[in-house]
Structure formats: structure tokens, C-alpha cells
Amino acid sequence: MTSTPKNFRELEKSIHTDLRDRMSYGDYLHLDKILNAQHLRSDQHDEMLFIIIHQASELWLKLAGHEVEAAIRNVEGHDFRQAFKVIARVKLILTQLTQSWSILATMTPVDYLKFRDTLGPASGFQSYSYRKLEFLLGNKNRKLVAVHRHDEAVYRELMRVLEAPGLYDVVLRKLHDDGFDINAEKLDRDFSLPYEADESVQAAWFEIYRHPDRYFELYELAEKLVDIEDSFQGWRFKHMYTVQRIIGNRRGTGGSSGVPFLKKAIETSFFPELFAIRTDL
């Protein structure tokens, strides 16, 4: 009698093996489209890595935007338990995105330069999932939408998010509703403009941090926002550093100055008062 090898796993009889005319894993996820969306423009081995890293990043960015939109609805509906859940998820998504730069960094400058010219003017600067996420978090800039004019549906969606309140805007409205004296100009403003720090907002957060037990939900919400910014800045820094490692101070394919342009983004804060109060506590 032939014995069954220890590392052999018998197929359970209940497992579906005949999937004709039935929903399969590949059907549900449209894997025929996803796994065949890597169209190399060169014969260089590392171009596959470059494409997949960026395609996967776009999916994670899309999910992050989806979750932040949910967080906005949750805060507006005073559903803080769900808001905390999705914001925590965004933090982990950004951590996942940060790790992906380490994989890309295994590509050397010589490897990248072998196919870089095939990108033409294509650049991560044109990522509308990234732009949407930044807008949702409050880093608004109308000029940045111009690069998407060629795609009417994307342009329209980005304009919608640009002109709508971001996550921090709805949080400030919540502070006001809970009795904090928030400057009216911060509550009823042109939301397409970038947010600027305000003393009344800083005073409100200072009070909340001084009495976390009294304002626990708002205190917890503030720390969740800091988590997002912390993770986002980590992703921005790793992006900048990876680009510097691979192309040095060359100009970006999209026309930017490259690393200097990316460094400016690191100086931008979504929730400035939440960091300012740490000095005053």
C-alpha cells in the first residue's frame, strides 16, 4: 500500500471544482483585466516591477479615498465609532503604500534609465486617486486639476471634491456644534482654497487636550487625524527619498523639478493646529 506523503493535502470533496456558468474568483475580481494590464514599452526586466508597483498603489489610493469619504459622512452623522474604524484603516493603507517604495527601491538607477524615456510625459503627479485623497484631507489647489482636463469624468470628480468640505472642515463644524467658539470664517468659506491655521481652532483643540476625559470622543478623533498625517508624511518622505535614490536631481518625467518639488509637499500639513498645540501643552 502506498502511503500518503505528509506534505500532501487531500482535496476536500465539498470544494467546488466545476465552475462552468458560475461565479469564479477570477470573474469576481476581473483578474483577466487586472493581470493583463501590464503593457511594457521596453524589453527591460524591471519595467514590470515599475508598472505593478504603481498600479497597486493606485488601487490602495482609491481605497484610501473611499474610506476618507466614509469618514466625512460618519463625522457629519456623528457616528464616531465608524469614523474611528475607517480612519484607522486609512492609516494602515498609507503604511502599506510606504512599504511599496522599499520594493521599488530595489531597482537601481541604471535599471530605470534603460526604460525611463518610454514614459514620455507620464508621471505620478498625474495620479487622480492621489489628488482626490489630498483634496479630501484638505490640501486644496485648483491649479492642480488642470492636468486632468483631458479626461472629462476625472476632471469633474476632482472639481466636485475640490469644492466640497474636506475631512477637517467637517470636524471643525463638529467642534462648533459642540459649543467651541470656532471662527465663522472657517466654517463658511470657499472650500476650494487651502486651509490655513486659525487661533480659534487651536484654542479649541488646546481645551480638548487639556481635558481629554471630558471631551474623549473629540480627543480620540484628533489623535486619529494625527495618525493619518503621520502616515501620510511617512509615505511622502519615502516617496521623495526613493525618487532621489533612483534619479537623483533629474527633472521629473511630468516636467516638475523632481526631488525639490516632492520636498515641498512634506512641508504641507493637513491639520496644522493639532501639531501646534503640542508645543503649548
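Buried means under 20% relative accessible area, exposed over 50%, and partly exposed in between, with a 1.4 Å probe and protein chains only.

A word on the source. This is a predicted model, where local features need pLDDT of at least 70 and side-chain atom pairs count only at pLDDT 80 or more, while totals for chains, interfaces and linings use all residues. Residues are numbered from 1 along each chain as its sequence is written, and side-chain values use heavy atoms, with hydrogens and water left out.

Back to Glu229. It is found in helix H11. Helices here are DSSP runs (H or I, at least four residues), numbered from the N terminus. What is Glu229 in contact with, leaving aside neighbours within four places in sequence? Thr268, Ser269, Phe270, Phe271 and Phe275. Contact means heavy atoms within 4.5 Å. Glu157 is 72 residues from Glu229 in sequence and 23 Å from it in space, C-alpha to C-alpha.

Now, salt bridges. A salt bridge is a side-chain nitrogen of Lys or Arg within 4 Å of a carboxyl oxygen of Asp or Glu. How many are there by this rule? The count is 16.

One of them joins Glu134 and Arg236, with the closest N and O atoms 2.6 Å apart. Glu134 lies in helix H6 (residues 128-137) and Arg236 in helix H11 (residues 216-247), so this pair ties together parts 102 residues apart in sequence. Both ends are buried: Glu134 has a relative accessible area of 3%, and Arg236 has a relative accessibility of 4%.

Next, Lys174 and Asp178. Their side chains meet in a salt bridge at 3.1 Å, N to O. Lys174 is buried, at 10%. Asp178 is partly exposed, at 39%.

Then Arg214 and Glu207. Their N to O distance is 3.8 Å. Arg214 is exposed at 54%, and Glu207 is partly exposed at 22%. There is also a network: Glu69, Lys132, Glu157 and Arg160 are joined by salt bridges that share partners.

Let's look at H6 itself. Is this helix enclosed or open? Nine of its 10 residues are buried, so H6 is largely enclosed by the rest of the structure. Among the buried ones are Ser129, Tyr130, Arg131 and Lys132. What do the buried residues pack against? Helix H3 (47-76), helix H4 (80-104), helix H7 (152-163), helix H8 (167-177) and H11.

Now its two ends. At the start of H6, a side-chain oxygen of Ser127 comes to within 3.1 Å of the backbone nitrogen of Tyr130. Just after H6, Gly138 has a positive phi of about 110°.

On to the core. In soluble globular proteins, nonpolar side chains tend to be buried together. A nonpolar core is a set of buried Ala, Val, Leu, Ile, Met, Phe, Trp, Tyr and Cys residues joined through side-chain atoms within 4.5 Å. The largest one here has 69 residues. Which of them touch the most other members? Leu137, Leu167, Tyr168, Leu175, Trp205 and Leu274. H11 gives the most to this core, with 12 residues.

Take Trp205. Not counting residues up to four places away in sequence, Trp205 touches Tyr168, Val171, Leu172, Leu175, Leu218, Ala222, Glu273, Leu274 and Ile277.

Last topic: rings. Rings of Phe, Tyr and Trp (its six-membered ring) pair if their centres lie within 6.5 Å; planes under 30 degrees apart count as stacked, over 60 as edge-to-face and the rest as tilted. The whole structure has 16 aromatic pairs.

Phe50 and Phe115 make an edge-to-face pair, 5.5 Å centre to centre with 65° between the planes. Phe50 sits in helix H3, and Phe115 in the loop between helix H5 (109-113) and H6, 65 residues apart. Phe50 and Phe115 are both buried.

Tyr209 and Tyr219 have ring centres 5.1 Å apart and planes at 70°, so this pair is edge-to-face. Tyr209 is in helix H10 (residues 199-210) and Tyr219 in helix H11. Tyr209 is buried at 11%, whereas Tyr219 is partly exposed at 25%.

Ring pairs also link a cluster, including Trp101, Tyr130, Tyr168 and Phe270. That's my tour.

How values were computed:
Helices (H or I, at least four residues) and strands (E, at least two) are DSSP runs, numbered from the N terminus. A polar contact is a pair of N or O atoms within 3.5 Å; within protein, one must be able to donate a hydrogen and the other to accept it, and residues adjacent in sequence count only if both atoms are side-chain atoms.
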